[in-house]
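Student: Could you show me how to read charged pairs and surface patches in a structure?

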Amino acid sequence: MKIVRALPILLAGFIGVVSVAQGSEQAGKWYGSPMAAYMVPDSNRNLDGGVLGRRLGIGRAFSDHINGELALNYFDAQGDGGPDTSFTGVVANGMYLWNREGTFAPYVLAGIGYLRTDPDGFSTQNRTQLQAGPGILVDLGFDRLALRAEVLGRWADESPSSSTDMLINVGLQIAFGGKSAKK
């Protein structure tokens, strides 16, 4: 199974990120979040197992519990009885965090956006996407840098039916601006 083969890659990325990470943004601060992404596509897509991709987000901490962000993700999938397909998504997310100043800050994320599905040899589809799921920020003791990991369900309204993919994102959250004031 393709997901089993991808797990060592995700684990190696997680360990590499853990060795450099920490520090969450504070209310009023902007942040960026570059992440490695893994998509488990809906079975109706006729794609060959899981798909590695990338995600880049920029956001702002509005309060101790609320973040808003805009994220872009990209996947290039091999067909399994169907065409090779690329997926480009732009989504506006809202995040609700607990324990922002702690070592572990769990959160839930929900978003709405646009998904462009571009299968080779077929017409491109531009559709609405919704996504939601849990995540965690991990403070590892360095200023302005945190490990971020999340598991999201993504629903896309595609013709002739809808598709639900699972997205696993692991990367960094980097606060912009001056040094954070530690409590």
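Tutor: We will take the salt bridges and then a surface patch. This is a predicted model, in which local features need pLDDT of at least 70, side-chain atom pairs count only at pLDDT 80 or more, and totals for chains, interfaces and linings use all residues. Residues are numbered from 1 along each chain as its sequence is written, and side-chain values use heavy atoms, with hydrogens and water left out.

Student: How many salt bridges does a search of the whole structure find?

Tutor: Side chains of opposite charge can pair when their charged atoms come close. With a salt bridge taken as a side-chain nitrogen of Lys or Arg within 4 Å of a carboxyl oxygen of Asp or Glu, the search finds five. In one of them R55 pairs with E69, the closest N and O atoms being 2.6 Å apart, and this links R55 in strand 2 (residues 51-61) to E69 in strand 3 (residues 66-77), 14 residues apart; strands are DSSP runs of E, at least two residues, numbered from the N terminus.

Student: Is E69 buried or exposed?

Tutor: Buried means under 20% relative accessible area, exposed over 50%, and partly exposed in between (1.4 Å probe, protein chains only). E69 has 5% and is therefore buried, and R55, at 6%, also counts as buried.

Student: Which residues do shared partners join into one network?

Tutor: E69 also meets R148 in a salt bridge (2.9 Å, N to O), and the network comprises R55, E69, R148 and E150.

Student: Which residues make the nonpolar surface patch?

Tutor: A patch takes residues with over 30% relative accessible area and no salt bridge, joining like charges within 9 Å and nonpolar side chains (Val, Leu, Ile, Met, Phe, Trp, Tyr) within 5 Å; areas come from the Shrake-Rupley method with a 1.4 Å probe, and for residues only the protein chains shown count as cover. Here W30, I58, L70, L72, V90, Y114 and F176 make a patch of about 630 Å².

Methods:
Helices (H or I, at least four residues) and strands (E, at least two) are DSSP runs, numbered from the N terminus.
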